[in-house]
Each structure stands twice: as structure tokens, then as C-alpha cells.
Amino acid sequence: MNSALWASSLALAAAGGWLAATTFAAPATSKEPRFPQLTMNQLDEKQKPLGEQIMKVSSVGIGGPYNPMIRSPVLGQRLFDLFHYLRWETSVPTKLNEFAILVIARQWRSQVEWFAHAPLAAKAGLSPDIIAELKANKRPSKMAEDEAVVYDFVTELTTTKKVSDETYARAKKVFGDQQIVDLTALAGNYVMVAMLLAMAEETVPPGKEEPFKAGEP
């Protein structure tokens, strides 16, 4: 595990108020939350070991996708192990990995995914212009070759349900077989995360602004 990146992730999380979201109540609304935010002292004996693992490495504490996920602790453990590989041990460089996550976050207008991963992408070296154009639902105009391959590969696969020979050939010029497999699995994983977040109606921490506004494309 890259301990420096881990520490940076936790520092960003603390600055963004994510860890507070695991201990403070959500803002009052007219609708009850589908999954009230759990705290560590609410976890039962089946959930607590997973909760302790999550708290050691997660930039969202047991908030975000972990809040619904921990309700199914066996599944949650399997997913946590997958997350660990796809975030910390993947063969895809961190900047490109985070870019791919943002592509999925933008497709789903996932408030939590974008809120959590845009700072991590910037920290990993992704251009602010690329992040801004992607957030505006545009294909970024000034991408390096590897960045363009990630954007086109992930976008084509998730929107057309296939990868054309041309796009695959471009990917093979910059990525090895393992990287292509890891990139594909990452995209699918974060679609699943976006689905969990959408189903559970998870949102950003109290007092924080949602990245995507109503009425925006």
C-alpha cells in the first residue's frame, strides 16, 4: 500500500469534512434518510471488524458508499477488498485511475463520487482544466494521449457497451494487458458504487456544497 498516498487521502478527507460525516447527523430534511448514517459504536459484532478496517484507510470514514454497504457485512468485506486493490494496488497510474473514476462520477452525476475524488484527481496531477471541462459535461479539450485513451475507452465502454477495434488499438499503444483489465474493472466498480450511492440517496457532508446543481446538464 502506498502510505504517502493513503495519508494524503486521509488529509484531504479531514479537510473536506468527510470524517465528520460519520459522527454528525445529516441536515434536517422533510424526508427520512433511507440509510441513517451509522457510527462506529452502532455497529454490531458482524459489522465492527469491517468498520475498523474501513476507518483505517477510507477518505469517507464509514460514510458515502460504506454506509449502506456495511449493512451487508459479508458483501461489504468482499467489496472492501476489491476497493483496496483498485485504489491502492492497481497497475493503472493514480492520475489516470482517478480520472476514470471522475468519468463515471460525471456520467452518473454522482455527488459523493465527484466530491470525494475530484480533490484526489487534482492531488494526483490531473489538470484543473480537464476536471472543470469534465464537470461541465464536455470532453476535455487538452488531454495527453494516455488521458484521452482513458476518457474514450471508459466512455465508449459504458455508453455503447463495447470497445471498438480502433479504441482498443489506441489503448494497447499506451497500456499493457493488466492495465486494460484493471481499468475496465475500475470503471465497472465505480458504476456499482454510483448505484449504491444513488439507491441510498447518499449526499455530501453537512454544510458542503453539492458539485452538480439541479437543471445543469
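Both Y66 and F83 are buried, a term that denotes under 20% relative accessible area, with exposed set at over 50% and partly exposed in between (1.4 Å probe, protein chains only). The structure is a predicted model, in which local features need pLDDT of at least 70 and side-chain atom pairs count only at pLDDT 80 or more, while totals for chains, interfaces and linings use all residues. Residues are numbered from 1 along each chain as its sequence is written, and side-chain values use heavy atoms, with hydrogens and water left out.

A pair of aromatic rings is described by the distance of the centres and the angle of the planes. Rings of Phe, Tyr and Trp (its six-membered ring) are paired if their centres lie within 6.5 Å; planes under 30 degrees apart are classed as stacked, over 60 as edge-to-face and the rest as tilted. By this rule the count comes to three aromatic pairs. The ring centres of Y66 and F83 lie 5.9 Å apart with the planes at 65 degrees, so this pair is edge-to-face. It joins distant parts of the chain, Y66 being in helix α3 and F83 in helix α4, 17 residues apart. Helices are DSSP runs (H or I, at least four residues) numbered from the N terminus. W114 and F212 also form an edge-to-face pair, at 5.5 Å centre to centre and 65 degrees between the planes. Here W114 of helix α6 is linked to F212 in the segment after α10, 98 residues apart. W114 counts as buried at 3% relative accessibility, as does F212 at 2%.

Helix α5 (residues 94-108) has 15 residues and should span 21 Å at 1.5 Å a residue, in agreement with its end C-alpha atoms, which are 21 Å apart; the expected span is 1.5 Å times one less than the number of residues. Of the 15 residues of α5, 11 are buried, so the helix is largely enclosed by the rest of the structure. The buried residues of α5 pack against α4 (73-89), α6 (111-123), α7 (128-135), α8 (145-160) and α10 (177-200). After α5 comes R109, with a positive phi near 50 degrees.

The largest nonpolar core comprises 50 residues, and those with the most contacts inside it are F99, L102, W114, V150, V154 and L183. Such a core is a set of buried Ala, Val, Leu, Ile, Met, Phe, Trp, Tyr and Cys residues joined through side-chain atoms within 4.5 Å. Apart from neighbours within four places in sequence, L183 is in contact (heavy atoms within 4.5 Å) with V92, A100, V150, F153, V154 and F175.

Terms used: Helix = DSSP H or I, 4+ residues; strand = E, 2+ residues; numbered from the N terminus.
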